[in-house]
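Have the viewer open while you read.

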Amino acid sequence: MDYFLSLLITGLILGIIYALMALGLTLIFSILNVINFAHGEFYMLGGYASYLILGVFTGIHPLLIVPISGLIVAGLGILFEIFFLRPMHEEQIARPAEYAVLVTFGLSFFLQNLALAQFGPYPHAPRPFFEGSVDLGVVNVSADRLTASVLSLLLLGALLLIINKTWLGKALRAVSQDKQAAAVVGINPNAMNTVAFALGVGLAAVAGALLAPVFSITPDVGAVPAIRSYIIIVLGGMGSLPGSILGGVVIGLVESFGAGYFPDPSRALNYKTVFGLLIFALVLLLRPRGFFGRKEV
Amino acid sequence: MKKWIRPMAIVLLLVVALAACSAEPQTVEVTRVVEVEGEQVEVTRVVTETEEVEVEVTRVVETEAEEEPEAEPTESDTILIGGFGPLSAPGSYQGGTEMRQASEMAVDEVNEAGGVLGKDVELIFGDTEGLPERGTAVTERLITQNNVVGLTGEYHSGVALTEMEVAHKYGVPVVFAEPWSDDVTGSGYDEIFRIAPSIDYYSSISTNYIAEVGWEKVVFVVEDTDYGREQGETWQAQLEDLGITDVEVIFADPATEDFTPILQRIAQDPPDMLAGVITGIGNSRMLSQACELGLAPTPETAYYASIDAQYTEFWENVGECGQYVFFTYVGLPRSLWNEKTEMFMTNFEERYGTTPGAVAMEAYDATHMLLAAIEEAGSTEPDAIISALEQMEYTGALGEIWFEYGNHNPLPDDEPAWMWHQWPTPTVMILQYTEVGQSVDEATVVYPPERATGDLYTAPPE
């Protein structure tokens with residue numbers, strides 16, 4: 001039973017962190033209707049921003065750097081959205097769907113190679129938030145991992161609150177549902193696009209800064225979380241924020257229990273991603289819209 | 001919107017320029033005049049950092065038919081050699097980058113000393129991304145398009161196994177620097193040489209050490225690559241021969257972020273020794289997570305890390321968890337450094353601002369050996385270079401290097417197949433970090449006994 005509980009706890013902790021990463025991608029997709037293929041690189045930038053700032057300001061507590069990293073990357077996101085994505089929404093681009101794929105892929109390659117040139121190929125890790133591990137009764141969890149998970153949970157709650165209870169959230173949802181109708185009632189769709197993109201990549205960067213002391217960072221560190229996030233947002237229902245949270249937690253638990261109970265231990269870890277994909281295929285088979293996907297009208 | 005275009009373009013240009021200025025020169029342009037269908041054309045070749053090669057015909061040169069092209073540089077003014085290794089993911093680009101840097105350093109040294117056969121040497125390094133299919137493509141391109149006369153480098157065994165087939169097809173000699181698979185030199189190809197240890201030899205050091213310490217239950221988590229699979233099987237077989245049968249091998253994708261589910265499973269019945277043999281970022285991730293769970297290194301369970309524990313960045317990523325970790329090191333301990341090792345270490349640190357690992361030393365020596373063989377052969381003919389390599393006794397940063405068996409001294413029946421064109425005695429040792437933040441030079445050499453500088457194994461305190 002202890003073993004089961006320990007897998008449950010570590011799976012939940014990881015799932016919440018996965019959800020934070022996927023939420024940014026969902027937000028961007030639901031508002032801008034763009035799949036951001038550079039999402040993993042914004043996650044990577046968040047980690048490097050935290051690493052760089054902590055290297056310069058050695059007296060600051062690492063937790064304070066997390067929101068700063070998010071803000072810096074959100075600022076970069078604003079620039080990218082204005083210069084590269086807005087022309088698409090203003091119908092200046094002939095084939096916007098293909099353009100969005102190419103421009104975000106291009107950004108992904110550019111950022112990865114820029115990071116390789118600036119930081120080199122070696123893994124780096126910023127100072128830990130807190131030293132040591134926390135005994136949760138059935139399992140020891142590192143203080144940093146627990147911190148990342150708790151903060152992710154708080155951020156997810158805050159974001160849901162903003163989306164559901166504030167004027168900004170209403171405006172974002174309105175643009176997500178019908179841009180023209182939103183414009184008619186005085187909402188600027190372009191401004192909402194920029195806000196959504198900045199918020200989305202800012203969340204990815206916060207996830208990167210939170211996880212940098214746990215998983216370390218390299219120029220390609222965003223690749224695996226990005227692919228997992230694509231799975232999570234489809235699993236949760238494209239564009240659904242609660243769906244992404246549930247999707248993240250489900251993937252975290254399935255990976256944990258899959259690797260923990262797969263009969264052949266020599267392959268258990270290797271098949272971890274496969275377990276998530278199996279659930280993904282199963283859900284799509286039974287409920288093609290994902291957990292909370294909207295019906296196309 | 002248009003008013004944004006100009007400032008945007010300026011910002012982008014600045015970013016690109018800054019990125020370009022931040023590292024060593026990343027693009028090389030070579031302009032030559034060649035004859036195409038009876039017409040003289042000027043061709044510019046641009047080799048970028050990732051070794052993508054662009055060839056552009058920049059102008060047609062108007063020359064008289066009888067005009068001698070001696071004033072123009074030609075291909076024969078330069079000896080081209082090829083290098084390959086992973087410079088980007090999913091390959092272990094930490095190792096590949098160091099190999100490229102070391103090979104470039106070797107080529108520059110040779111050029112400064114007058115070149116080879118009186119000509120300058122140019123290194124064209126291809127990024128294999130750690131993918132076998134890319135290895136094939138890169139080797140094909142280096143041989144058939146760049147016309148290199150010899151090849152050196154490579155980090156991943158799985159990639160080397162495909163590269164050697166291409167090199168064998170075209171008869172181009174290769175001095176492999178780092179791939180360990182027994183099948184590399186075990187192929188018995190005339191063109192293939194290696195100065196890295198074979199997996200069989202490398203593993204025997206660690207398995208003998210495990211037997212010597214007396215551990216009976218061991219778990220290896222190895223990367224799921226050609227190298228990792230061969231390494232896992234070899235360890236299992238060698239330990240069985242030594243009477244240690246409680247051995248488990250678990251495979252992991254090198255990009256795995258979270259090892260905790262499998263570590264929790266292992267923790268149900270903790271082994272005497274846990275090994276995390278994953279190159280790149282996976283090395284520090286697995287160790288940190290095993291340490292967080294309280295699984296290893298502990299008084300009950302020792303921890304054996306991958307060779308990447310030699311890098312100085314190891315401590316930044318694992319912190320105190322790195323204390324009492326041990327690992328296999330390929331290369332010379334400081335006590336055995338010769339003049340060339342001293343020079344290499346100093347120059348590398350000055351040039352690149354980082355302490356090189358053993359792979360850099362291997363790539364450096366492999367490149368120097370290939371160039372020395374061309375000089376010795378007096379020609380760029382493959383057979384002459386192969387013959388020179390077979391008879392070479394070279395003193396490099398790794399010590400005295402030679403190839404015991406080849407066409408001039410055939411492999412006896414009682415020697416393993418991998419001894420063909422193989423340096424028989426690369427230095428392989430087990431090191432243990434007994435203090436936080438130790439460098440490789442400060443780590444205790446715990447095995448083999450003739451090189452030991454401390455106790456066989458220091459367990460963490462209770």
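This is a predicted model: local features need pLDDT of at least 70, side-chain atom pairs count only at pLDDT 80 or more; totals for chains, interfaces and linings use all residues.

Residues are numbered from 1 along each chain as its sequence is written, and chains are lettered from A and ligands numbered from 1 in the order in which they are written.

Chain B has 13 helices and 17 strands (DSSP runs, H or I of at least four residues for helices and E of at least two for strands, numbered from the N terminus). Of its 462 residues, 51% are buried, meaning that 20 or more other C-beta atoms, placed from the backbone, lie within 10 Å of the residue's own.

Now for S10(B). Five of its seven residues are buried, so the strand is largely enclosed by the rest of the structure. S10(B) pairs with S9(B) in the parallel sense over seven bridges; pairing takes at least two DSSP bridges.

| Element of chain B | Residues |
|---|---|
| Strand S9 | 217-223 |
| Helix H7 | 226-241 |
| Strand S10 | 246-252 |

Together these three make a right-handed β-α-β unit: with the strands pointing away from the viewer, the path from the first strand over the helix to the second runs clockwise.

At the interface, 39 residues of chain A are in contact with 38 of chain B (C-beta atoms, placed from the backbone, within 7 Å). On chain A's side, H1(A) gives the largest share, five residues.

How values were computed. A residue is buried if 20 or more other C-beta atoms lie within 10 Å of its own, exposed if 12 or fewer, and partly exposed in between; C-beta atoms are placed from the backbone. Two residues are in contact if their C-beta atoms, placed from the backbone, lie within 7 Å.
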